[in-house]
Amino acid sequence: MSRVFSGIQPTGEPHLGNLLGAVRWWIADQRQGDCFYCVVDLHALTIPGDPAELRNGTLTMATLLLAAGLDPEACTLFVQSHVPAHTQLAWLLECTASVGELRRMTQFKDKSARGGEEAARAGLFTYPVLMAADILLYDTDRVPVGDDQRQHLELTRDLAQRFNSRYGETFVVPEASIPPAGRGDRIMDLQDPDKKMSKSSESAQGTIGLFDDPKTIERKVKRAVTDADDGPDAVRYHPATKPGVSNLVELLATIQGRRPEDVAADYTRYGALKADLAEAIIALVEPIQVAYRSLASEPGSVDAVLRSGAKRAEGVARATLARAYEAVGLTLPT
Ligand code: AQP
């Protein structure tokens, strides 16, 4: 059975990009592989945030993942900070990575640009290394993620290979498992289709949250940026020249499991496409919201899932950490 690992940050409200780019693949994989899914709360500390929001957000995210369809009998769901081996291995990998390669990470450039690089937290700079530790601890073969994580996955592979060649075979070198282009690999912001839909986005109108009610979804889809051309053949799938409408087509195609070109062929004007898309999104998120409300009424049961997940994760992670400690010449206390 192949080993699968992936994570999601408990920052802000989870959105359609998270569901279509990552979480629905996690659900599809959970009975095919030995899957570890993690709420990566330590990553949330790389940007300013409120402690109470982080605490609530972690439980909310775990509850939502269960509501969306993760089955704790089929996969291991846990919280990153509950398994100390993540930060322990991160240090070994920080001593494997170079400053130059971390400087090339585009997410650091983008996020640090907002408040200036001087003021950016050092953790924002090194967080791709913590992400590498998350993955490598579980002898991971495959990492289902959206396209925005491609560069971090390359770094993870480079670090694993460098460590192995420096200290002897220690880590499995993982493969990224990214949805095919146009099938949810990179869902764009509805107000700014040149940017990916993101929890930390400044425009709430551009992001469809998984907790949005039907009216809000209808409004956001209706106001989504398309372009001035609304002639009889305005609906075309061409991301380079028509990014706004292509994003809407891609969303509908991904939800319906069809090719974006085939979906575009069904429509002429934007109005009908937007109406069908809003309906499809509502039908997708409503059952998740119902399941969420029922699970959230018993937070103790989600805590129990996370406790048992952390126990299982800890066992696997400690064995890998021990191998890595030994390889570099450290000793673990007995
Ligand atoms: N727009 C997206 N399209 C497809 N997949 C996406 N993912 C995120 N956005 C999209 C995938 O979701 C998983 C969890 O990622 P995350 O927790 O980093 O989510 P985020 O929305 O990207 O959150 P943030 O806090 O705004 O972080 P930034 O902007 O720094 O990424 C991942 O598999 C991701 O690929």
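Author: Gladly! Let us begin with the word "contact", which means heavy atoms within 4.5 Å. In this predicted model, 15 residues of domain 1 are in contact with 19 residues of domain 2.

Reader: What makes these two domains, and which residues belong to each?

Author: The domain assignment of the protein gives 3–184 + 298–328 as domain 1 and 204–293 as domain 2. Taken over C-alpha atoms, their centres are 29 Å apart.

Reader: How do you know how much area domain 1 and domain 2 bury between them?

Author: Buried area is the accessible area that two parts lose on being put together, summed over both. For domain 1 and domain 2 that comes to about 1,600 Å², with 74% of it on carbon and sulfur atoms.

Reader: Which helices supply at least two residues each of the side of domain 1 that touches domain 2?

Author: Those are helix H1 (16–29) and helix H2 (51–68). H2 gives the largest share, 5 residues. Sorted by class, that side of domain 1 has 7 nonpolar, 5 polar and 3 charged residues.

Reader: How many salt bridges and polar contacts does the rule find across the interface of domain 1 and domain 2?

Author: The rule finds 0 salt bridges there, but 4 residue pairs in polar contact. In the structure as a whole there are 17 salt bridges.

Reader: Why is the pair Arg3 and Asp34 called a salt bridge?

Author: A side-chain nitrogen of Arg must be within 4 Å of a carboxyl oxygen of Asp. For Arg3 and Asp34 the N to O distance is 2.9 Å, so the pair meets the rule. Arg3 sits in strand E1 (residues 3–8) and Asp34 in strand E2 (residues 34–39), so this pair links distant parts of the chain, 31 residues apart.

How values were computed:
Residues are numbered from 1 along each chain as its sequence is written. This is a predicted model: local features need pLDDT of at least 70, side-chain atom pairs count only at pLDDT 80 or more; totals for chains, interfaces and linings use all residues. Side-chain values use heavy atoms; hydrogens and water are left out. Domain bounds come from an automatic or database domain assignment. Buried area is the accessible area (1.4 Å probe) that two parts lose on being put together, summed over both. A polar contact is a pair of N or O atoms within 3.5 Å; within protein, one must be able to donate a hydrogen and the other to accept it, and residues adjacent in sequence count only if both atoms are side-chain atoms. Helices (H or I, at least four residues) and strands (E, at least two) are DSSP runs, numbered from the N terminus. Ala, Val, Leu, Ile, Met, Phe, Trp, Tyr, Cys and Pro count as nonpolar, Asp, Glu, Lys and Arg as charged, and the others, Gly among them, as polar.
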